Amino acid sequence: MEDRYLELTDEQKPFLQEQIFGNQNLDDLTFSELTTQIRQALRTQLRYTESPQSVTSGQKFLPWLLQDYKKGNAVYFATAAVLAYRAAGYPARYVEGYHFSDQEADWMKEDGQSEMDLTSKNAHAWAEVYITGIGWMPVEVV
């Protein structure tokens, strides 16, 4: 598992250390503190947009995203988070699916509906981090 879910290029780990974690010693952070750090760094450095540009041809995704473009949707946030967790030594994977909020469920219940059509409007991406003894844990970073 570690070979696949900890994979990073030689350039990515030091770049993420600088951009996401700064001078922090990652060994001193609990998983919760690490997650807070990743969320805050991404939310500080990126602005959410539903329709981001594609990475410019010939550029590497992370530097382009965090230093140049500075915008992203759930796909971009989740991708950066997965790589940040890996840089911190946690096996992580990128996941896509659909999000159906508690508020939407309440509206359905009020309307007496028992079925819902999910569309691209409900599409979402997130990170999952493997925690020994627990398994894959979803993490929302948007």
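Trainee: How do the axes of α2 and helix α4 cross, and within what distance do they come?
Mentor: At roughly 15°, coming within 11 Å. Helix α4 covers residues 61–69. Axes are lines fitted to C-alpha atoms, for helices over the stretch in contact, and angles run from 0 to 180 degrees between N-to-C directions. Helices here are DSSP runs of H or I with at least four residues, strands are E runs of at least two, and numbering goes from the N terminus.

Trainee: Before we go on, what sort of model is this?
Mentor: A predicted one: local features need pLDDT of at least 70, side-chain atom pairs count only at pLDDT 80 or more, and totals for chains, interfaces and linings use all residues. Residues are numbered from 1 along each chain as its sequence is written, and side-chain values use heavy atoms, with hydrogens and water left out.

Trainee: Left-handed or right-handed crossing?
Mentor: Left-handed, α2 past α4. That term applies if the near helix is turned anticlockwise from the far one by less than a right angle; clockwise is right-handed.

Trainee: Which residues make the contact?
Mentor: α2 gives Gln12, Phe15, Leu16, Gln19 and Ile20. α4 gives Leu62, Pro63, Leu66 and Gln67. Contact means heavy atoms within 4.5 Å.

Trainee: And how does the contact of α2 with α4 split by class?
Mentor: Six nonpolar, three polar, no charged. Nonpolar is Ala, Val, Leu, Ile, Met, Phe, Trp, Tyr, Cys and Pro; charged is Asp, Glu, Lys and Arg; the others, Gly among them, are polar.

Trainee: Next pair. At what angle do α3 and α5 pack?
Mentor: About 140°, with the axes 11 Å apart. α3 is residues 31–45 and α5 is 74–87. The two are therefore oblique to each other. α3 passes α5 in a right-handed crossing.

Trainee: Who touches whom there?
Mentor: From α3, Phe31, Leu34, Thr35, Ile38, Leu42 and Arg43. From α5, Phe77, Ala80, Ala81, Ala84 and Tyr85. By class, nine are nonpolar, one is polar and one is charged.

Trainee: Now the sheet. What's the strand order?
Mentor: β3-β4-β5, an open sheet of three strands with antiparallel pairing. Pairing needs at least two DSSP bridges between the strands. β3 (92–98) and β5 (135–139) are the edges, each with a single partner strand, so one side of each has no neighbour in the sheet. On average, neighbouring strands are turned by 35° against each other, direction ignored.

Trainee: How many bridges link β4 and β5?
Mentor: Five, in the antiparallel sense, with β4 at residues 123–131. Tyr130 stands opposite Trp136 in β5.

Trainee: Which strands do the helices touch?
Mentor: α3 packs on the sheet against β4 and β5, and its direction makes about 35° with that of β5. α5 packs there too, touching β3, β4 and β5, at about 155° to the direction of β3.

Trainee: What's in the turn between β4 and β5?
Mentor: The two strands form a hairpin with three residues between them. Gly133 in that turn has a positive phi of about 85°.

Trainee: Which residue has a positive phi although it is not a glycine?
Mentor: Lys70, at about 60°. Lys70 sits in the loop between α4 and β2 (71–72). At 39% relative accessibility, Lys70 is partly exposed. Buried means under 20% relative accessible area, exposed over 50%, partly exposed in between, with a 1.4 Å probe and protein chains only.

Trainee: And Thr49, buried or exposed?
Mentor: Buried, at 19%. Thr49 lies in the loop between β1 (47–48) and α4. Leaving out residues up to four places away in sequence, Thr49 touches Tyr69, Lys71, Gly72 and Asn73.

Trainee: Last one, the whole chain. How many helices and strands?
Mentor: Six helices and five strands. Along the sequence the pattern is α-α-α-β-α-β-α-β-α-β-β. The C-alpha trace spans about 55 × 40 × 25 Å along its principal axes. Of the 142 residues, 40% are buried.

Conventions: Angles under 35 degrees count as roughly parallel, over 145 as roughly antiparallel, 65 to 115 as roughly perpendicular and the rest as oblique.
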